[in-house]
Amino acid sequence: MTEARPAQRIVVTGGAGFIGSHTVVALHEAGYVPVIVDDLRNSHESALDGIRALVGEVECHRVDCGDADAMAPVFERPVLGAIHFAADKAVGESVAHPEKYFDNNVGGTARFTALLRRHGVKHLVFSSSCTVYGEAESLPVAEDAPILPAASPYGYTKQACEDFLRMAHGAAEGDLGVALLRYFNPIGAHPSAHIGELPLGPPPNLVPYLIQAVAGIQGPLTVFGDDYPTEDGTCIRDYLHVCDLAEAHVAALAWLEGNAGELDTFNLGTGCGCSVKQVIAAFHAATGLKVPHRVGDRRPGDVTAIYADPGKAERLLGWTTRRSLEECLADAWRWQQRLMNDAH
Ligand code: UD1
């Protein structure tokens, strides 16, 4: 019989958020001990209840991950690695308040990384975005595609954090391994409906808005433009299930454990492009429900089409997506129904 290795604590900043909460569950399932660090500024207390329903008691610190004093208790016991999600992510808000985005996203990452180095933490997984590619010249996009000028302060903060982490990695001289994960469009929810996305206010993103439109919480979905140079005229993205994405973080940690001190970048997507109209049709196929929608103007800053070449993640991390678009949408809808039942 092989001996079980000692439980390894992994700090998850933003662990009460959408991707963070699903990653906490995936870490637990893989035998790690997740340690949530989240001041709940962009999430809800109820997310912690959902996590507990799935994994039992979990260590949780309601503090700012960049606050050295408040973070001291987190490092009182050994920490193997960290996954850094904590960030603001509303593109429109970032245009109105770039200072907030620079401070929280870039400054927060710098402060948190300093703590990791001070406490000798060896592995860092960073939550980046396909937004760093802008309007890609060729599709699918691989990791060596050019990084184009960012279309928003939010997008710029992801580029700046990646650059900063390359510098911090160089300065740490092999002591800090870093995996930069560029997400395409994560959607869906845990199939148990215990955790999912909880947008504060009207959702700016497609699937959260779509399910609220179907639920009658929002007015009809506005399709942002149907005059793009794509087959049906609507924009194309690469939508992946948040549980698949969560599993990629576990795979990235395992890769860091086997490749100590390295830095690398990975695209995380399905490899398939899907239009807004196809998402609407897939929702109908998955649930039997029609999505009330109308076509409106283009949204400033949207790229026409982007989808991943996820080959590198498959080769190096042994990771691919397993869940279909219909599953994503059925799970998102089940989550919305759960929220509505809870409200009654
Ligand atoms: C954006 C960001 C991405 C970020 C993500 C989550 C950019 C280029 N992308 O992704 O980095 O991680 O948000 O915050 O900054 N759509 C509609 N109607 C709606 C909402 C969206 O038609 O009400 C369309 C959009 O035009 C787009 C697609 O749906 O074509 C997806 O939009 P969205 O879910 O907002 O994600 P991205 O803009 O791709």
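A: The answer starts at the ligand, then moves to the charged pairs and the backbone.

This is a predicted model, where local features need pLDDT of at least 70, side-chain atom pairs need 80 or more, and totals for chains, interfaces and linings use all residues. Numbering runs from 1 along each chain as its sequence is written, and side-chain values use heavy atoms, without hydrogens or water.

Start with the shell around the ligand. The ligand is surrounded by 19 residues, each with a heavy atom within 4 Å of it. The closest are Leu 206, Thr 222, Arg 237, Arg 299 and Asp 302. Strand 8 contributes most to this shell, with four residues. Strands are DSSP runs of E, at least two residues long, and helices are runs of H or I, at least four, numbered from the N terminus.

Now look at the polar contacts (pairs of N or O atoms within 3.5 Å). Asp 302 returns here: one of its polar side-chain atoms lies 2.6 Å from a ligand oxygen. For Ser 129, an N or O atom of the side chain is 2.9 Å from an oxygen of the ligand. Lys 89 uses its backbone instead, with a polar atom 3.3 Å from a ligand oxygen. On its own, the ligand has 750 Å² of accessible area, and the protein covers 89% of that. The areas come from the Shrake-Rupley method with a 1.4 Å probe.

Next come the charged pairs. Side chains of opposite charge can pair when their charged atoms come close. The count is 22 salt bridges, each a side-chain nitrogen of Lys or Arg within 4 Å of a carboxyl oxygen of Asp or Glu.

Take Arg 298 and Asp 227, whose side chains meet at 3.0 Å, N to O. Arg 298 sits in the loop between strand 13 (293–296) and helix 10 (311–317), and Asp 227 in the loop between strand 8 (221–224) and strand 9 (236–237), so their bridge ties together parts 71 residues apart in sequence. Arg 298 is partly exposed at 42% relative accessible area, while Asp 227 is exposed at 51%. The cut-offs are under 20% for buried and over 50% for exposed, with partly exposed in between (1.4 Å probe, protein chains only).

Asp 342 and Arg 338 form another bridge, also listed at 3.0 Å between the closest N and O atoms. They are four residues apart in helix 11 (residues 325–343), which means about one helical turn separates them. Asp 342 is partly exposed at 47%, and Arg 338 is partly exposed at 29%. Elsewhere, bridges with shared partners join Glu 162, Asp 163, Arg 166 and Arg 182 into one network.

Lys 100 pairs with Glu 93, their closest N and O atoms being 2.8 Å apart. Lys 100 is partly exposed at 35%, and Glu 93 is partly exposed at 29%.

Finally, the backbone. Most residues other than glycine have a negative phi, and most peptide bonds are trans. Glu 173 has a positive phi of about 45°. Glu 173 lies in the loop between helix 6 and strand 6 (177–183) and is exposed, at 70%. Ala 193 also has a positive phi, near 65°. Its place is the loop between strand 7 (185–187) and helix 7 (206–214). Ala 193 is buried, at 4%. A cis peptide bond, with omega about -5°, joins Leu 139 to Pro 140. Pro 140 belongs to the loop between strand 5 (123–129) and helix 6 (153–171).

Terms used:
A polar contact is a pair of N or O atoms within 3.5 Å; within protein, one must be able to donate a hydrogen and the other to accept it, and residues adjacent in sequence count only if both atoms are side-chain atoms.
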